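Visitor: I would like to learn how to read a model feature by feature. Where should we start?

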Amino acid sequence: MTQQIIIITAALFGMLSVIFGAFGAHALKKILSKDQLHSFEVGVKYQMYHAIVLLVLGFNSDFVSTATYWCFTIGIILFSFSIYGLVLSDAKGRKLGFLGPVTPLGGLLLVVGWLLLLLQNL
């Protein structure tokens, strides 16, 4: 994976995290329950944490493998975006239940990304 692709991916995820965080704090605060808003915020936080990790790895591309990049990237999409979908669909009264099992798969990919990062730098 090239340094440029990693940095662009990190920047996109970081930018979207800020947008979604602002959206949650302002527009959604009035329509979501406290539990729903908390879940939405968890998705935003994990997306931003991993965007920062990708950014650091992009500037230190000797420390990242293609597998690590894809674990973090797909993990963010599956974990955070499934939470967004679950929360927003639940708020509209049409919860997309099929997204429920997607969230832990995304979390597992994030964990594997961290494990790969650890193993390749021992």
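Guide: Start with one side chain: Tyr49 has a relative accessible area of 46% and is therefore partly exposed. The classes are buried (under 20% relative accessible area), exposed (over 50%) and partly exposed in between, with a 1.4 Å probe and protein chains only. Tyr46, at 38%, also counts as partly exposed.

Visitor: What kind of model is this, and how are residues numbered?

Guide: It is a predicted model, in which local features need pLDDT of at least 70 and side-chain atom pairs pLDDT 80 or more, while totals for chains, interfaces and linings use all residues. Residues are numbered from 1 along each chain as its sequence is written, and side-chain values use heavy atoms, without hydrogens and water.

Visitor: How many aromatic pairs does a search of the whole structure find?

Guide: A pair of aromatic rings is described by the distance of the centres and the angle of the planes. Rings of Phe, Tyr and Trp (its six-membered ring) pair if their centres lie within 6.5 Å; planes under 30 degrees apart are stacked, over 60 edge-to-face, and the rest tilted. The search finds eight pairs. One of them is Phe40 with Tyr84, tilted, at 5.0 Å centre to centre and 45 degrees between the planes. This pair links distant parts of the chain, since Phe40 sits in helix H2 (residues 34-59) and Tyr84 in helix H3, 44 residues apart. Both Phe40 and Tyr84 are buried. Tyr46 and Tyr49 make another tilted pair, with 5.8 Å between centres and 55 degrees between planes.

Visitor: Where do Tyr46 and Tyr49 lie?

Guide: An α-helix has 3.6 residues a turn, so residues three or four places apart point the same way. Tyr46 and Tyr49 are both in helix H2, three residues apart, about one turn. Elsewhere, Phe20, Phe40, Phe81 and Tyr84 make up one aromatic cluster.

Visitor: How far apart are the end C-alpha atoms of helix H3?

Guide: Helices (H or I, at least four residues) are DSSP runs, numbered from the N terminus. The expected span is 1.5 Å times one less than the number of residues. The 26 residues of H3 (residues 66-91) should therefore span 38 Å, and the end C-alpha atoms are 37 Å apart, which agrees. After H3 comes Gly93, with a positive phi near 85 degrees.

Visitor: How many helices and strands are in the protein chain?

Guide: The chain has four helices and zero strands, in the order α-α-α-α. The C-alpha trace spans about 45 × 25 × 20 Å along its principal axes, and buried residues make up 36% of the 122 residues.

How values were computed: Helices (H or I, at least four residues) and strands (E, at least two) are DSSP runs, numbered from the N terminus.
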